[in-house]
Amino acid sequence: MARRGASAGGASARKRSDRKREPLVAEVDGGRAELVPDRERPHGWTLLLDDAPQSHVDLDDPSFLSFEYQRRIGHMIDLAAPAQQPLQVLHLGGGAFTLARYVAATRPRSTQQIIEVDAALVQLVRRELPLDPQARIRVRSADARAGLAKIQDGWADLVIADVFSGARTPAHLTSAEFLAEVRRVLKPGGQYVANLADGPPLAHLRGQIATAATLFPELALAADPTVWRGRRFGNAVLLASDLPLAVAELTRRVATDPHPGRVEHGRALADFTGGAAPVTDAGAKASPAPPPSTFT
């Protein structure tokens, strides 16, 4: 019996990866892309852009999430609706399509759209790590905000933002105006998930929470304890909705990850924000660049 997530499309991708178990390097629109084989998983690959790890894919088991922040997004996907219920999901940022593959494997019959600005990267991933042709996944090469503007009102159950350019989130994807477009695209009760990256003194992270609070009444943030304490640069995953979130179960799952994290919400999250001002288009800045030691 095939493992969950295995398919005819996955078999085709595995045959291709069997022939190329050495790193593959290509120039894409955003810089130097490298596909590095995972030595512990026969059909696992890591995508790096300019030496920064972006995505990990296991073609045998798309439900496997290797990266810490992607595991946390996976928990949020799992809790967004009852198990196996199909979702309509919009992904802003594609990478190696890891999260779209996860949704397709765990929630069959879901309908998904990926908006990825790097057309050459999309071509590389489609060629070397093909999607299951039976999955309902549409990929468009466009700027995330421009592509978002073309999505109809109330289309998405879930919008997932994981957009980095040169390891930084572009400024125009950090503002209240951007989040107003996200909210327009979400169904009532839909959820927004964002991968945020910051380091001490966490000013960007606090500003993003304050910005989301102007559009969404319910927020939760998952991160490694050392990131919470401002001791290192890292990822934090923001979850937002207009309806109450499954915070208790999310907290339990994040706490039992291989690298345990912490979830804050409500008053504790408001206190963490510390009166930070919401970000608008007029004053928006890209997220801070990670220090050189982050990926070494």
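The buried residues of α7 are His-204, Leu-205, Gly-207, Gln-208, Ile-209, Ala-210, Thr-211 and Ala-212. This is a predicted model, where local features need pLDDT of at least 70, side-chain atom pairs count only at pLDDT 80 or more, and totals for chains, interfaces and linings use all residues. Residues are numbered from 1 along each chain as its sequence is written, and side-chain values use heavy atoms, with hydrogens and water left out.

Q: What makes helix α7 (residues 203-213) mostly covered?
A: Eight of its eleven residues are buried, and buried means under 20% relative accessible area (1.4 Å probe, protein chains only). The cover includes α6 (176-185), β9 (186-198), β10 (218-223), β11 (234-241) and α10 (266-273).

Q: Why are α7 and α10 called oblique to each other?
A: They pack at an angle of about 130°. Angles under 35 degrees count as roughly parallel, over 145 as roughly antiparallel, 65 to 115 as roughly perpendicular and the rest as oblique, so α7 and α10 are oblique.

Q: Which residues of α7 and α10 meet?
A: Leu-205, Arg-206, Ile-209 and Ala-210 in α7 meet Leu-269, Phe-272 and Thr-273 in α10, contact being heavy atoms within 4.5 Å.

Q: How do you know how far to trust the chain, going by pLDDT?
A: pLDDT is the predictor's confidence in each residue, from 0 to 100; the chain averages 93, and 93% of the residues score at least 70. Over residues 1-9, though, the pLDDT is below 50. Where pLDDT is low, the predicted coordinates should not be read in detail.

How values were computed: Buried means under 20% relative accessible area, exposed over 50%, partly exposed in between (1.4 Å probe, protein chains only). Helices (H or I, at least four residues) and strands (E, at least two) are DSSP runs, numbered from the N terminus. Axes are lines fitted to C-alpha atoms, for helices over the stretch in contact, and angles run from 0 to 180 degrees between N-to-C directions.
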